[in-house]
Amino acid sequence: MLSKKTKYGLKALTYIAKSEGDAPVQISEISKNENIPQKFLESIMLTLRKSGFLGSKKGKHGGYYLIKEPSQIKMSDVMRILEGPIAMVPCVSLNFYEKCDDCPDEHECSVHKLMIQVRDNTLKVLRNNTLEDLSSSPTVKTS
């Protein structure tokens with residue numbers, strides 16, 4: 001299941017991408033309009049800023065803004081920052097690989113074979129969708 005952290009992060013990024021003009025967007029505005037608890041959102045925004053997706057400006061007219069164009073922000077990158085590994089089991093993870101304790105031979109494991117397919121198809125969808133796709137279209141790309 002998608003964590004609330006990731007769901008809220010995606011909603012916040014989409015809100016910023018849809019905002020008019022170049023002015024930074026305040027956390028309170030995102031929180032109110034997207035129904036996200038403000039304290040939780042502050043933590044998420046800090047993570048996204050430290051990861052290079054967002055910049056921030058302090059002061060009366062401060063807030064958060066996108067550092068990259070929405071078309072350059074792949075959902076696979078956002079998911080890895082907020083959610084962690086995309087793979088459902090560690091033995092098929094591309095970036096966080098770990099051997100499963102209960103599996104003597106992962107090449108013969110039926111779960112391993114299935115999870116590779118799940119990982120690959122999930123990655124295909126996440127890599128083929130950008131923040132621009134989320135903020136401009138009601139449908140996502142599957143291929």
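Visitor: How much space lies in the largest pocket?

Guide: The model is a predicted one, in which local features need pLDDT of at least 70 and side-chain atom pairs count only at pLDDT 80 or more, while totals for chains, interfaces and linings use all residues. Residues are numbered from 1 along each chain as its sequence is written, and side-chain values use heavy atoms, with hydrogens and water left out.

The largest pocket holds about 230 Å³ of space. Thirteen residues line this pocket, and those closest to its centre are Met79, Glu83, Pro85, Ile86 and Thr122. A pocket is an open set of points on a 1 Å grid over the protein atoms alone, with protein on both sides within 12 Å along at least five of seven lines; a cavity is a set where a 1.4 Å probe fits but cannot get out, and lining residues have an atom within 4 Å of a point. Points are joined across faces, edges and corners, and a volume is the space filled by probe spheres set on them.

Helix 5, residues 110–127, contributes the most to the lining of the largest pocket, namely four residues. Helices (H or I, at least four residues) and strands (E, at least two) are DSSP runs numbered from the N terminus. By class, nine nonpolar, two polar and two charged residues make up this lining. Here Ala, Val, Leu, Ile, Met, Phe, Trp, Tyr, Cys and Pro count as nonpolar, Asp, Glu, Lys and Arg as charged, and the others, Gly among them, as polar.

The second largest pocket has a volume of about 190 Å³. Its lining consists of 14 residues, of which Ile16, Gly21, Asp22, Tyr65 and Leu66 are the closest to its centre. Helix 1 and strand 2 (63–66) are the elements that give two or more residues to this lining. Strand 2 supplies the largest share, three residues. The classes represented in the lining of the second largest pocket are nine nonpolar, two polar and three charged residues.

A search of the whole structure finds one cavity of 30 Å³ or more, and the largest cavity has a volume of about 50 Å³. Its lining is formed by Arg80, Pro85, Ile86, Ala87, Ser93, Leu94, Asn95, Phe96, Arg119 and Leu123. By class, these comprise six nonpolar, two polar and two charged residues.
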